[in-house]
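The sequence and structure are shown first.

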Amino acid sequence: MELSQKQAGPASGSPLPAPSRTPTLAWAAADGSVSASIGGLQEYYNDLCMEKSKEIKPFILQILQEVDEEIEKGSVGITLNIAGNSRSLSGERVTGEDFWILCRVLKNNSYINGLDVRYNLLSDVGAYYAAKLLQKQHNLIYLNLMFNDIGPEGGELIAKALHKNRTLKHLRMTGNKIENKGGMFFAAMLQINSSLEKLDLGDCDLGMQSVIAFATVLTQNRTIKGLNLNRPILYGEQEESTVHLGHMLKENQCLVELHMCKHDIKNCGMKQLCDALYLNRSLQYLDISCNKITQDGMKCLADVLKSNTTLEVIDLSFNRMENAGANYLSDALASHNRTLKALSVVSNNIEGKGLVALSQSMKTNPTLSHIYIWGNKFDEATCVAYSDLIHTGRLKSDNTDVEPFVVDGHMYLAEVSNGLKRHYYWTPGYGEACSPSSNAGFSLAPVGQHL
C-alpha cells in the first residue's frame, strides 16, 4: 500500500539514538533515504530497522500491518494502539529505542491522528522522541503515554515541546512520576499553549507548588476543558490546594471536567469548593472521590445542587457521607435539582435508609439516570427499592453497578462492572473498551477525542 505522503528518512551518518541521559531537544536533518512511499507503514518500519541495525519487533510489525489494512480501506483518523498491557502483545513492551523508530515512521503520516503507547518502557529516552514527534507531526490530536516510567526530565521535554504545538488536543501522562518539577513545566506550558483541551496528570506525584500553579494558570487559560490532578503528594492540614482550586473555579468559566481524587479534602475544603460552585457556570463533571468528606460536606454540596444548573456528573465514591449525607443529597435531587445525570456514592458507609432515600429521589427526578451504590450496607429494603427501579424501567441496568436476584424468596443485589470510569486504568480483554456503561462519566460529559 502506498501512503500519500512521503516520510522523511534518517540523516546520513547520524549517530544512533537512545542516549544514556536525556539530550537537548533537536531534530536531525533528513535526507529522505528511506521513504514511506516505498510501501506501507509495515515496510517502512522494517526498512528503518534494517538501516539503523535495530531489532525488528514482530508485534510492532503486526500492529502496523493492521493499520496498513485500515488505510487501504480508506480509513482516516486512525489511533495506533500499542498498549503494553494488551493481551495481544503477550508481555512485549515498547522501549525508548523502539519508540524512536516508531516516531520516524509516523512523523509525516496523515492517516494517524492518535497514538496510544500506555504501559510500556519508554522512560525519559522515549519522552525525548515523543517531544520531537510533537514538534514535527502536525496531525496528532491524541497521545497516551500513561505509566511509561517517564521522570521529571522527560516531563520537561514534553511540556516544552507543547509550547509550539498547535494540534494536540488530549495528552495522558497518568502514572509517570514527573513530580513537582515536571508539573511546574506543564503549568507554565498552559500559559502558552492554545490548543490542548484535556490534560491528565493523575498519579504523577505532583506537589503542592505545582497544583497551586495549575490553579493560578487556569484563572487565565480558556482552552483547557478537562484536567486531572489526581493523587498529588500533599503535606499539611490546611487544604491549600483545595482553596486555590476553588478560587480558580470562581474565575474560570471554560473548564468542563475536573478530577480531584485523593486530595485529602475534608469538610472545610468541601465548603470552599461549594462556595466556588455557586459562581461557576461551566463545570459539568466533578470527581472528588477518595477524600475525607462526611455529612457536613455533603450538606454544602446539596445546597449547591439546589441552584446549580451545569453539574451533570458527580463522583463521590470512597468518602464517608453515611445516611445523613445521603439524605441531604436525596432531598436536593428530589425537589430542586433537574440537571444532574449521574451520581456515584460507592463505598460511603451508607445504610438502608440513606440508600432507599436516594432511590426515592429518582422517582420524582426525571433527569438523574445513572446511580452507583456498591460498597455500602444493603438491607432487604434497599435491594427491593433498586430492584423496583430496574424492573419498572426507571433505572436502566447499564446505568447502575448492581443487579437484583432472588434466593429463597429474598431479594439481593450483585455487583456488575458498570461505573463512571471503570476503564480509566485498564481496558478489558474482550468486549467494547469504551462502552458507555463502564465509562459513563466520559460519555455524559465528553471532553477530548479519547478517554
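Predicted model: local features only at pLDDT ≥ 70, side-chain atom pairs only at ≥ 80, totals over all residues.

## Positive phi at Phe147

Most residues other than glycine have a negative phi. Phe147 has a positive phi of about 50° and is not a glycine. Its place in the chain is the loop between strand S3 (142-144) and helix H5 (152-161).

## Positive phi at Lys262

Lys262, likewise a residue other than glycine, has a positive phi, near 60°. Lys262 lies in the loop that runs between strand S7 (257-259) and helix H9 (267-277). With a relative accessibility of 40%, Lys262 counts as partly exposed.

The model contains two cavities of 30 Å³ or more. The largest cavity has a volume of about 110 Å³. Its lining consists of 14 residues, and those closest to the centre are Lys198, Asp200, Glu257, Tyr424 and Phe442.

Which strands each supply at least two residues of the lining of the largest cavity? They are strand S4 (170-172), strand S5 (198-200), strand S6 (226-228) and S7. By residue class, the lining of the largest cavity comprises five nonpolar, five polar and four charged residues.

Terms used:
Residues numbered from 1 in each chain as written. Heavy atoms only, no water. Helix = DSSP H or I, 4+ residues; strand = E, 2+ residues; numbered from the N terminus. Buried < 20%, exposed > 50% of the residue type's maximum accessible area, 1.4 Å probe, protein only. 1 Å grid on protein atoms, 1.4 Å probe; cavity = no way out; pocket = protein on both sides within 12 Å on 5 of 7 lines; lining within 4 Å. Points joined across faces, edges and corners; volume = space filled by probe spheres on them. Nonpolar A, V, L, I, M, F, W, Y, C, P; charged D, E, K, R; others polar.
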